[in-house]
Amino acid sequence: MERRERYDPEDLEHLLLERGYDELLEEERAFVLRHLSGRAEYESMRLLLHTVRQEERAHPPLEADPAVREHLLATFRAQHRPRPWGIWLNSVKAALWPEQASAFWRPALAVASLAVVVTVSVIGLRSWSDAPENAVAVVHEEKNVRPAAPLNEVTAPVTAPPAPASGAAQQSFKDTDAAVGTFSPSIAAGEVADAAELPSTAAVPAMDERATLQADLDLAKVPAASAAPIQADSSTLFGAQPGHVVTESELATNMSTANATGAVSKAWTSKGKKREEKERRGRADDGADAPAATDATAYVGLLRATW
Amino acid sequence: MGLFRTDHIGLSDERLMELIVRGDERAFTALYDRYQRKLLAYFHRMLWSDRERAQDFLQELFTKIAQRPQSYDPARPFSTWLYSVANNMCKNEYRRVGTRKAAAVHLKAETDRVDALHGVEVDRERFRRRLEDELDRLEPDHKATFVMRYHEDMAIKEIAGAFGISEGTVKSRLFYTLKKLAERLNEFDPRLLSHGTARTIRP
(Lines give C-alpha, C1' and ligand atoms only; values in the text may rest on other atoms or scores of the structure.)
Protein backbone atom coordinates (compact mmCIF):
# COMPACT_ATOMS: atom_id res chain seq x y z
CA MET A 1 0.00 0.00 0.00
CA GLU A 2 1.45 3.29 -1.02
CA ARG A 3 2.00 5.79 1.80
CA ARG A 4 0.57 9.18 1.10
CA GLU A 5 2.71 12.04 2.31
CA ARG A 6 1.03 15.26 3.28
CA TYR A 7 2.47 18.70 2.84
CA ASP A 8 3.50 20.01 6.24
CA PRO A 9 5.92 22.92 6.25
CA GLU A 10 6.05 22.91 10.01
CA ASP A 11 7.74 19.57 9.80
CA LEU A 12 10.21 21.05 7.37
CA GLU A 13 10.82 23.93 9.73
CA HIS A 14 11.45 21.42 12.49
CA LEU A 15 13.98 19.59 10.32
CA LEU A 16 15.71 22.84 9.40
CA LEU A 17 16.12 23.72 13.04
CA GLU A 18 17.14 20.28 14.28
CA ARG A 19 19.18 18.51 11.61
CA GLY A 20 21.63 19.23 8.84
CA TYR A 21 21.14 17.83 5.39
CA ASP A 22 23.60 15.00 6.08
CA GLU A 23 21.80 14.02 9.25
CA LEU A 24 18.46 13.48 7.58
CA LEU A 25 17.04 10.01 7.29
CA GLU A 26 16.16 8.62 3.93
CA GLU A 27 12.46 9.31 4.34
CA GLU A 28 13.13 12.82 5.62
CA ARG A 29 15.54 13.54 2.82
CA ALA A 30 12.99 12.39 0.30
CA PHE A 31 10.44 14.69 1.93
CA VAL A 32 12.87 17.62 1.80
CA LEU A 33 13.77 17.04 -1.80
CA ARG A 34 10.11 16.95 -2.69
CA HIS A 35 9.85 20.67 -1.72
CA LEU A 36 13.42 21.98 -2.17
CA SER A 37 15.89 21.82 -5.02
CA GLY A 38 18.72 20.17 -3.08
CA ARG A 39 21.32 20.38 -0.39
CA ALA A 40 22.38 23.99 -1.13
CA GLU A 41 18.90 25.39 -0.75
CA TYR A 42 18.29 23.34 2.36
CA GLU A 43 21.50 24.50 4.00
CA SER A 44 20.89 28.10 2.99
CA MET A 45 17.43 28.10 4.52
CA ARG A 46 18.67 26.35 7.63
CA LEU A 47 21.46 28.82 8.28
CA LEU A 48 19.20 31.77 7.58
CA LEU A 49 16.69 30.49 10.07
CA HIS A 50 19.37 29.97 12.72
CA THR A 51 20.84 33.38 12.08
CA VAL A 52 17.50 35.12 12.39
CA ARG A 53 16.78 33.44 15.70
CA GLN A 54 20.25 34.10 17.04
CA GLU A 55 20.10 37.71 15.97
CA GLU A 56 16.82 38.10 17.72
CA ARG A 57 18.26 36.67 20.92
CA ALA A 58 21.41 38.73 20.66
CA HIS A 59 19.48 41.90 19.94
CA PRO A 60 18.82 43.87 23.12
CA PRO A 61 15.13 44.19 23.80
CA LEU A 62 13.61 47.57 23.18
CA GLU A 63 12.17 49.48 26.10
CA ALA A 64 9.43 52.01 25.73
CA ASP A 65 9.94 55.49 27.06
CA PRO A 66 8.63 55.89 30.62
CA ALA A 67 6.69 58.91 29.39
CA VAL A 68 4.55 56.56 27.34
CA ARG A 69 3.61 54.66 30.44
CA GLU A 70 2.79 57.82 32.37
CA HIS A 71 0.70 59.13 29.54
CA LEU A 72 -1.22 55.87 29.30
CA LEU A 73 -1.88 55.78 33.02
CA ALA A 74 -3.13 59.36 32.94
CA THR A 75 -5.42 58.45 30.08
CA PHE A 76 -6.69 55.43 31.96
CA ARG A 77 -7.37 57.45 35.10
CA ALA A 78 -9.18 60.13 33.16
CA GLN A 79 -11.27 57.54 31.39
CA HIS A 80 -12.28 55.70 34.54
CA ARG A 81 -12.72 58.69 36.79
CA PRO A 82 -16.01 58.30 38.60
CA ARG A 83 -18.63 60.62 37.18
CA PRO A 84 -21.85 60.29 39.14
CA TRP A 85 -24.00 62.18 36.66
CA GLY A 86 -22.51 60.31 33.75
CA ILE A 87 -23.12 57.01 35.47
CA TRP A 88 -26.68 58.03 36.31
CA LEU A 89 -27.43 59.18 32.79
CA ASN A 90 -25.90 56.04 31.34
CA SER A 91 -28.01 53.89 33.60
CA VAL A 92 -31.15 55.81 32.65
CA LYS A 93 -30.36 55.46 28.98
CA ALA A 94 -29.59 51.79 29.36
CA ALA A 95 -32.81 51.24 31.28
CA LEU A 96 -35.09 53.13 28.92
CA TRP A 97 -33.42 52.28 25.65
CA PRO A 98 -31.67 48.90 25.77
CA GLU A 99 -29.31 47.95 23.00
CA GLN A 100 -31.13 44.73 22.22
CA ALA A 101 -34.63 44.95 20.88
CA SER A 102 -35.65 41.85 22.80
CA ALA A 103 -35.03 43.66 26.08
CA PHE A 104 -37.54 46.41 25.40
CA TRP A 105 -40.19 44.66 27.46
CA ARG A 106 -38.48 45.85 30.62
CA PRO A 107 -38.84 49.61 30.07
CA ALA A 108 -42.31 49.00 28.65
CA LEU A 109 -43.33 47.14 31.77
CA ALA A 110 -41.81 49.82 33.98
CA VAL A 111 -43.59 52.65 32.19
CA ALA A 112 -46.90 50.78 32.23
CA SER A 113 -46.56 50.08 35.94
CA LEU A 114 -45.78 53.70 36.59
CA ALA A 115 -48.85 54.78 34.62
CA VAL A 116 -51.05 52.41 36.61
CA VAL A 117 -49.65 53.63 39.92
CA VAL A 118 -50.15 57.28 38.94
CA THR A 119 -53.71 56.64 37.78
CA VAL A 120 -54.66 54.77 40.93
CA SER A 121 -53.05 57.43 43.07
CA VAL A 122 -54.93 60.25 41.35
CA ILE A 123 -58.25 58.42 41.63
CA GLY A 124 -57.67 57.60 45.27
CA LEU A 125 -56.60 61.12 46.08
CA ARG A 126 -59.66 62.62 44.45
CA SER A 127 -62.06 60.30 46.22
CA TRP A 128 -60.38 60.99 49.52
CA SER A 129 -60.55 64.73 49.05
CA ASP A 130 -64.26 64.56 48.08
CA ALA A 131 -65.21 62.92 51.35
CA PRO A 132 -67.15 65.50 53.52
CA GLU A 133 -65.39 64.49 56.69
CA ASN A 134 -62.09 65.47 55.10
CA ALA A 135 -63.28 68.85 53.98
CA VAL A 136 -61.99 71.89 55.77
CA ALA A 137 -65.25 73.69 55.27
CA VAL A 138 -68.54 72.54 53.82
CA VAL A 139 -70.39 74.99 51.65
CA HIS A 140 -74.18 74.69 51.70
CA GLU A 141 -76.20 76.29 49.04
CA GLU A 142 -78.42 78.89 50.57
CA LYS A 143 -81.81 79.08 48.83
CA ASN A 144 -83.55 82.36 48.51
CA VAL A 145 -86.32 81.67 51.01
CA ARG A 146 -88.90 84.21 51.86
CA PRO A 147 -89.48 85.07 55.46
CA ALA A 148 -91.87 82.66 57.06
CA ALA A 149 -93.78 85.19 59.16
CA PRO A 150 -95.69 87.02 56.42
CA LEU A 151 -96.64 83.75 54.79
CA ASN A 152 -98.07 82.38 57.96
CA GLU A 153 -99.90 85.58 58.53
CA VAL A 154 -101.45 85.35 55.15
CA THR A 155 -102.30 81.71 55.06
CA ALA A 156 -103.82 81.22 58.45
CA PRO A 157 -107.27 82.80 57.94
CA VAL A 158 -107.87 81.31 54.54
CA THR A 159 -107.04 77.75 55.35
CA ALA A 160 -109.83 75.51 54.27
CA PRO A 161 -110.23 71.86 53.71
CA PRO A 162 -109.80 70.93 50.09
CA ALA A 163 -113.07 70.16 48.45
CA PRO A 164 -113.63 68.11 45.40
CA ALA A 165 -114.23 70.26 42.43
CA SER A 166 -115.05 69.70 38.88
CA GLY A 167 -112.44 69.65 36.20
CA ALA A 168 -113.84 72.83 34.76
CA ALA A 169 -113.10 74.75 37.91
CA GLN A 170 -109.57 73.56 37.92
CA GLN A 171 -109.20 74.43 34.32
CA SER A 172 -110.34 77.98 34.73
CA PHE A 173 -107.61 78.79 37.17
CA LYS A 174 -104.83 76.54 36.31
CA ASP A 175 -103.27 78.95 33.87
CA THR A 176 -103.07 81.61 36.45
CA ASP A 177 -101.84 79.20 39.05
CA ALA A 178 -99.15 77.90 36.88
CA ALA A 179 -98.02 81.30 35.79
CA VAL A 180 -98.12 83.10 39.10
CA GLY A 181 -96.96 80.29 41.27
CA THR A 182 -100.04 79.37 43.16
CA PHE A 183 -99.75 79.76 46.85
CA SER A 184 -101.34 77.17 49.05
CA PRO A 185 -101.36 76.95 52.82
CA SER A 186 -100.80 73.25 52.61
CA ILE A 187 -97.46 73.87 51.03
CA ALA A 188 -94.74 74.85 53.38
CA ALA A 189 -92.99 78.09 52.85
CA GLY A 190 -89.80 76.39 51.87
CA GLU A 191 -91.52 74.21 49.35
CA VAL A 192 -93.14 77.18 47.74
CA ALA A 193 -89.84 78.88 47.44
CA ASP A 194 -88.24 75.82 45.94
CA ALA A 195 -90.95 74.93 43.53
CA ALA A 196 -92.27 78.28 42.38
CA GLU A 197 -90.71 79.54 39.28
CA LEU A 198 -91.23 83.21 39.45
CA PRO A 199 -92.81 84.66 36.34
CA SER A 200 -91.13 87.12 34.18
CA THR A 201 -91.90 90.78 34.67
CA ALA A 202 -93.88 91.00 31.46
CA ALA A 203 -96.28 88.25 32.46
CA VAL A 204 -97.21 89.65 35.81
CA PRO A 205 -99.54 92.52 34.76
CA ALA A 206 -101.56 90.26 32.52
CA MET A 207 -102.04 87.78 35.26
CA ASP A 208 -103.05 90.48 37.66
CA GLU A 209 -105.78 91.65 35.38
CA ARG A 210 -107.20 88.22 34.98
CA ALA A 211 -107.07 87.59 38.67
CA THR A 212 -108.94 90.85 39.27
CA LEU A 213 -111.71 89.87 36.90
CA GLN A 214 -112.13 86.55 38.54
CA ALA A 215 -112.14 88.09 41.96
CA ASP A 216 -115.07 90.32 41.11
CA LEU A 217 -117.34 87.34 41.11
CA ASP A 218 -115.97 85.99 44.36
CA LEU A 219 -115.94 89.17 46.31
CA ALA A 220 -119.61 89.65 45.81
CA LYS A 221 -120.23 86.62 47.97
CA VAL A 222 -117.31 86.72 50.31
CA PRO A 223 -117.78 88.70 53.52
CA ALA A 224 -115.55 91.66 53.72
CA ALA A 225 -114.63 90.96 57.33
CA SER A 226 -113.15 87.64 56.52
CA ALA A 227 -110.92 89.21 53.95
CA ALA A 228 -109.88 92.06 56.14
CA PRO A 229 -106.89 90.48 57.91
CA ILE A 230 -105.38 89.32 54.72
CA GLN A 231 -102.56 91.59 53.91
CA ALA A 232 -100.10 90.74 51.31
CA ASP A 233 -97.67 92.53 49.26
CA SER A 234 -96.51 91.45 45.90
CA SER A 235 -92.98 91.95 46.98
CA THR A 236 -93.50 89.16 49.46
CA LEU A 237 -94.59 86.77 46.77
CA PHE A 238 -92.61 87.92 43.82
CA GLY A 239 -89.55 89.20 45.55
CA ALA A 240 -88.01 91.45 42.99
CA GLN A 241 -91.28 92.60 41.35
CA PRO A 242 -91.62 96.23 42.34
CA GLY A 243 -94.61 98.45 41.99
CA HIS A 244 -97.40 95.87 42.18
CA VAL A 245 -99.47 95.37 45.29
CA VAL A 246 -101.61 92.30 45.54
CA THR A 247 -105.08 93.21 46.42
CA GLU A 248 -107.19 91.30 48.81
CA SER A 249 -109.46 90.19 46.08
CA GLU A 250 -106.62 88.78 44.07
CA LEU A 251 -105.27 86.92 46.96
CA ALA A 252 -108.63 85.62 47.98
CA THR A 253 -109.36 84.46 44.49
CA ASN A 254 -106.15 82.62 44.23
CA MET A 255 -106.38 81.11 47.62
CA SER A 256 -109.92 80.04 47.40
CA THR A 257 -109.68 78.59 43.98
CA ALA A 258 -106.53 76.75 44.71
CA ASN A 259 -107.85 75.29 47.92
CA ALA A 260 -111.11 74.27 46.40
CA THR A 261 -109.68 72.51 43.43
CA GLY A 262 -106.77 70.98 45.29
CA ALA A 263 -104.72 71.40 42.13
CA VAL A 264 -101.92 73.29 43.80
CA SER A 265 -99.78 70.39 44.67
CA LYS A 266 -100.47 68.70 41.44
CA ALA A 267 -99.90 71.70 39.29
CA TRP A 268 -96.20 71.68 40.02
CA THR A 269 -95.59 68.28 38.75
CA SER A 270 -95.00 67.75 35.14
CA LYS A 271 -97.27 64.76 35.22
CA GLY A 272 -100.17 66.82 36.44
CA LYS A 273 -99.50 69.41 33.84
CA LYS A 274 -99.61 66.86 31.10
CA ARG A 275 -102.86 65.43 32.37
CA GLU A 276 -104.48 68.80 32.53
CA GLU A 277 -103.30 69.59 29.08
CA LYS A 278 -104.91 66.43 27.85
CA GLU A 279 -108.18 67.23 29.58
CA ARG A 280 -108.21 70.69 28.16
CA ARG A 281 -107.84 69.38 24.67
CA GLY A 282 -110.72 66.97 25.29
CA ARG A 283 -112.99 69.75 26.45
CA ALA A 284 -112.07 71.92 23.55
CA ASP A 285 -113.26 69.16 21.29
CA ASP A 286 -116.66 69.02 23.03
CA GLY A 287 -117.62 72.62 22.24
CA ALA A 288 -116.76 76.19 22.83
CA ASP A 289 -119.72 77.14 25.03
CA ALA A 290 -119.64 74.24 27.38
CA PRO A 291 -116.63 75.32 29.38
CA ALA A 292 -118.10 78.67 30.22
CA ALA A 293 -121.29 77.18 31.70
CA THR A 294 -119.38 74.56 33.52
CA ASP A 295 -117.10 77.16 35.00
CA ALA A 296 -119.93 79.15 36.47
CA THR A 297 -121.45 76.11 38.14
CA ALA A 298 -118.08 75.13 39.44
CA TYR A 299 -117.51 78.49 41.00
CA VAL A 300 -120.71 78.37 42.89
CA GLY A 301 -120.04 74.92 44.18
CA LEU A 302 -116.57 75.91 45.06
CA LEU A 303 -117.59 78.87 47.09
CA ARG A 304 -120.22 76.95 48.94
CA ALA A 305 -117.79 74.28 49.85
CA THR A 306 -115.38 76.86 51.05
CA TRP A 307 -117.73 78.79 53.28
CA MET B 1 -4.49 45.54 53.29
CA GLY B 2 -2.18 43.32 51.33
CA LEU B 3 -4.26 40.27 52.12
CA PHE B 4 -7.08 41.51 49.93
CA ARG B 5 -4.95 42.70 47.06
CA THR B 6 -5.09 40.71 43.86
CA ASP B 7 -1.86 39.40 42.50
CA HIS B 8 -2.14 40.83 39.02
CA ILE B 9 1.13 39.33 37.88
CA GLY B 10 -0.19 35.79 37.97
CA LEU B 11 -3.49 36.57 36.31
CA SER B 12 -4.22 35.65 32.75
CA ASP B 13 -4.54 38.26 30.06
CA GLU B 14 -8.27 37.71 29.80
CA ARG B 15 -8.76 38.13 33.54
CA LEU B 16 -6.73 41.33 33.46
CA MET B 17 -8.96 42.66 30.72
CA GLU B 18 -12.01 41.95 32.86
CA LEU B 19 -10.46 44.00 35.64
CA ILE B 20 -9.55 46.77 33.23
CA VAL B 21 -13.15 47.01 32.09
CA ARG B 22 -14.06 47.58 35.74
CA GLY B 23 -11.45 50.33 36.00
CA ASP B 24 -8.63 48.47 37.72
CA GLU B 25 -5.55 50.57 37.10
CA ARG B 26 -3.15 47.95 38.41
CA ALA B 27 -4.48 45.43 35.95
CA PHE B 28 -3.86 47.90 33.16
CA THR B 29 -0.32 48.45 34.37
CA ALA B 30 0.32 44.73 34.59
CA LEU B 31 -0.95 44.17 31.08
CA TYR B 32 1.15 47.01 29.74
CA ASP B 33 4.28 45.68 31.41
CA ARG B 34 3.57 42.25 30.02
CA TYR B 35 3.27 43.30 26.40
CA GLN B 36 5.07 46.60 25.94
CA ARG B 37 8.44 45.07 24.94
CA LYS B 38 6.97 42.55 22.53
CA LEU B 39 4.71 45.08 20.87
CA LEU B 40 7.42 47.71 20.67
CA ALA B 41 9.71 45.21 18.96
CA TYR B 42 6.91 44.15 16.65
CA PHE B 43 6.12 47.72 15.65
CA HIS B 44 9.83 48.40 15.31
CA ARG B 45 10.19 45.51 12.89
CA MET B 46 7.03 46.30 11.00
CA LEU B 47 7.50 50.07 10.75
CA TRP B 48 10.93 50.28 9.13
CA SER B 49 12.85 50.12 12.40
CA ASP B 50 11.60 53.57 13.33
CA ARG B 51 11.73 53.64 17.09
CA GLU B 52 9.78 56.83 17.57
CA ARG B 53 7.04 55.68 15.31
CA ALA B 54 6.96 52.31 17.02
CA GLN B 55 6.61 54.03 20.36
CA ASP B 56 3.80 56.18 19.08
CA PHE B 57 1.99 53.11 17.84
CA LEU B 58 2.50 51.35 21.14
CA GLN B 59 0.97 54.31 22.95
CA GLU B 60 -1.90 54.49 20.51
CA LEU B 61 -2.68 50.82 20.92
CA PHE B 62 -2.79 50.94 24.70
CA THR B 63 -4.74 54.16 24.59
CA LYS B 64 -7.40 52.28 22.69
CA ILE B 65 -7.40 49.64 25.40
CA ALA B 66 -7.66 52.25 28.13
CA GLN B 67 -10.47 54.14 26.48
CA ARG B 68 -12.49 51.27 25.08
CA PRO B 69 -11.67 48.04 26.86
CA GLN B 70 -15.14 46.78 25.95
CA SER B 71 -14.01 46.43 22.36
CA TYR B 72 -12.08 43.30 23.33
CA ASP B 73 -13.98 40.13 22.58
CA PRO B 74 -13.53 37.78 25.57
CA ALA B 75 -14.21 34.82 23.31
CA ARG B 76 -10.83 35.33 21.67
CA PRO B 77 -7.40 34.92 23.28
CA PHE B 78 -6.12 38.33 24.27
CA SER B 79 -2.71 37.99 22.60
CA THR B 80 -4.37 37.02 19.35
CA TRP B 81 -6.70 40.00 19.49
CA LEU B 82 -3.87 42.33 20.47
CA TYR B 83 -1.64 41.35 17.57
CA SER B 84 -4.50 41.51 15.12
CA VAL B 85 -5.14 45.11 16.19
CA ALA B 86 -1.43 45.87 15.93
CA ASN B 87 -1.24 44.32 12.49
CA ASN B 88 -4.20 46.35 11.28
CA MET B 89 -2.55 49.51 12.56
CA CYS B 90 0.57 48.67 10.59
CA LYS B 91 -1.45 48.01 7.44
CA ASN B 92 -3.13 51.37 7.81
CA GLU B 93 0.25 52.99 8.19
CA TYR B 94 1.49 51.29 5.04
CA ARG B 95 -1.44 52.68 3.14
CA ARG B 96 -1.01 56.11 4.64
CA VAL B 97 2.71 56.50 4.15
CA GLY B 98 3.03 54.81 0.79
CA THR B 99 5.91 52.97 -0.72
CA ARG B 100 8.23 55.88 -1.55
CA LYS B 101 8.02 57.57 1.77
CA ALA B 102 8.43 54.26 3.56
CA ALA B 103 11.57 53.51 1.63
CA ALA B 104 12.95 56.94 2.39
CA VAL B 105 12.24 56.57 6.09
CA HIS B 106 13.82 53.17 6.15
CA LEU B 107 16.91 54.34 4.31
CA LYS B 108 17.49 57.22 6.69
CA ALA B 109 17.05 55.03 9.73
CA GLU B 110 19.49 52.48 8.44
CA THR B 111 22.05 55.11 7.49
CA ASP B 112 21.96 56.53 10.97
CA ARG B 113 22.32 53.11 12.49
CA VAL B 114 25.23 51.95 10.32
CA ASP B 115 27.13 55.17 10.85
CA ALA B 116 27.25 54.41 14.56
CA LEU B 117 28.96 51.05 14.01
CA HIS B 118 32.46 50.02 13.09
CA GLY B 119 34.64 46.95 12.60
CA VAL B 120 33.23 43.46 12.58
CA GLU B 121 29.79 44.57 13.50
CA VAL B 122 29.42 46.34 10.22
CA ASP B 123 28.89 43.16 8.22
CA ARG B 124 26.39 41.82 10.69
CA GLU B 125 24.57 45.07 10.63
CA ARG B 126 24.58 45.00 6.86
CA PHE B 127 23.08 41.57 6.96
CA ARG B 128 20.33 42.76 9.30
CA ARG B 129 19.64 45.73 7.14
CA ARG B 130 19.44 43.57 4.08
CA LEU B 131 17.16 41.17 5.81
CA GLU B 132 14.84 43.96 6.82
CA ASP B 133 14.91 45.33 3.32
CA GLU B 134 13.88 42.00 1.96
CA LEU B 135 11.18 41.70 4.57
CA ASP B 136 9.82 45.09 3.54
CA ARG B 137 9.59 43.89 -0.01
CA LEU B 138 7.33 41.07 1.03
CA GLU B 139 3.59 41.24 1.26
CA PRO B 140 2.58 42.84 4.57
CA ASP B 141 0.82 39.70 5.75
CA HIS B 142 3.80 37.51 4.89
CA LYS B 143 6.15 39.88 6.62
CA ALA B 144 3.94 40.02 9.70
CA THR B 145 3.72 36.25 9.75
CA PHE B 146 7.47 35.92 9.59
CA VAL B 147 8.03 38.50 12.32
CA MET B 148 5.47 36.94 14.60
CA ARG B 149 6.89 33.49 14.15
CA TYR B 150 10.63 34.07 14.26
CA HIS B 151 10.95 37.31 16.15
CA GLU B 152 8.05 37.16 18.56
CA ASP B 153 8.13 33.36 18.97
CA MET B 154 4.39 33.07 18.58
CA ALA B 155 2.82 29.68 18.03
CA ILE B 156 1.31 28.76 14.71
CA LYS B 157 -2.12 28.68 16.31
CA GLU B 158 -1.75 32.17 17.73
CA ILE B 159 -0.66 33.57 14.39
CA ALA B 160 -3.59 31.90 12.70
CA GLY B 161 -5.91 33.45 15.27
CA ALA B 162 -4.42 36.91 14.80
CA PHE B 163 -4.93 36.80 11.06
CA GLY B 164 -8.12 34.81 11.12
CA ILE B 165 -6.71 32.15 8.82
CA SER B 166 -6.01 28.44 9.10
CA GLU B 167 -2.83 27.02 10.56
CA GLY B 168 -1.99 25.42 7.23
CA THR B 169 -2.03 28.82 5.58
CA VAL B 170 0.35 30.14 8.21
CA LYS B 171 2.75 27.26 7.65
CA SER B 172 2.63 27.75 3.94
CA ARG B 173 3.35 31.45 4.30
CA LEU B 174 6.31 30.73 6.54
CA PHE B 175 7.80 28.15 4.23
CA TYR B 176 7.66 30.30 1.13
CA THR B 177 8.83 33.41 2.95
CA LEU B 178 11.86 31.57 4.29
CA LYS B 179 12.60 30.10 0.90
CA LYS B 180 12.36 33.48 -0.80
CA LEU B 181 14.57 35.19 1.75
CA ALA B 182 17.18 32.47 1.44
CA GLU B 183 17.30 32.99 -2.28
CA ARG B 184 17.65 36.75 -1.97
CA LEU B 185 20.24 36.63 0.79
CA ASN B 186 22.44 33.97 -0.68
CA GLU B 187 25.24 36.54 -1.15
CA PHE B 188 25.76 36.39 2.59
CA ASP B 189 27.20 33.35 4.32
CA PRO B 190 24.97 32.99 7.34
CA ARG B 191 27.35 30.49 8.80
CA LEU B 192 30.12 33.06 9.01
CA LEU B 193 27.69 35.64 10.33
CA SER B 194 26.57 33.37 13.11
CA HIS B 195 30.15 32.78 14.14
CA GLY B 196 30.89 36.46 14.38
CA THR B 197 33.24 36.67 11.40
CA ALA B 198 31.02 38.36 8.92
CA ARG B 199 31.96 38.06 5.32
CA THR B 200 30.12 38.87 2.20
CA ILE B 201 30.00 36.20 -0.45
CA ARG B 202 30.56 37.89 -3.67
CA PRO B 203 28.95 36.52 -6.79
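What share of the contacts in chain B with a separation of 6 or more comes from residues 24 or more positions apart? The share is 57%. This is a predicted model.

## Chain B at a glance

Chain B is built from helices: ten of them, with zero strands. Read from the N terminus, the order is α-α-α-α-α-α-α-α-α-α. The chain has 203 residues, and 34% of them are buried.

## Helix H1 of chain B

H1 of chain B spans residues 13-21. Three of its residues, B:Leu16, B:Met17 and B:Ile20, are buried. They lie on the same side of H1(B), because the arc they cover around the axis is only 100 degrees.

What do these buried residues pack against? Their partners are H2, H3 and helix H4 (78-97), again in chain B. Just after H1(B) comes B:Gly23, with a positive phi of about 95 degrees.

## Where chain B meets chain A

The two chains touch through 35 residues of chain B and 33 residues of chain A. On the chain B side, four helices each supply at least two residues: H2 (25-46), H3 (51-67), H9 (167-184) and H10 (190-194). H2(B) gives the largest share, with nine residues.

What is the class make-up of this side of chain B? There are 17 nonpolar residues, twelve polar and six charged.

## A helix pair across the interface

Two packed helices are described by the angle between their axes and the distance between the axes. Here the pair is H3 of chain A (residues 39-58) and H9(B). Their axes come within 9 Å and cross at roughly 100 degrees. Angles of 65 to 115 degrees count as roughly perpendicular, so H3(A) is roughly perpendicular to H9(B).

Which residues make the contact? H3(A) brings A:Glu41, A:Ser44, A:Met45, A:Leu48 and A:Leu49. H9(B) brings B:Leu178, B:Lys179, B:Leu181 and B:Ala182. By class, six of the contact residues are nonpolar, one is polar and two are charged.

Terms used. Residues numbered from 1 in each chain as written. Chains lettered and ligands numbered in written order. Predicted model: local features only at pLDDT ≥ 70, side-chain atom pairs only at ≥ 80, totals over all residues. Contact = placed C-beta atoms within 7 Å. Nonpolar A, V, L, I, M, F, W, Y, C, P; charged D, E, K, R; others polar. Buried ≥ 20, exposed ≤ 12 C-beta atoms within 10 Å, placed from the backbone. Arc of directions from axis to C-beta. Axes fitted to C-alpha atoms, helices over the stretch in contact; angles between N-to-C directions. Parallel < 35°, antiparallel > 145°, perpendicular 65-115°, else oblique.
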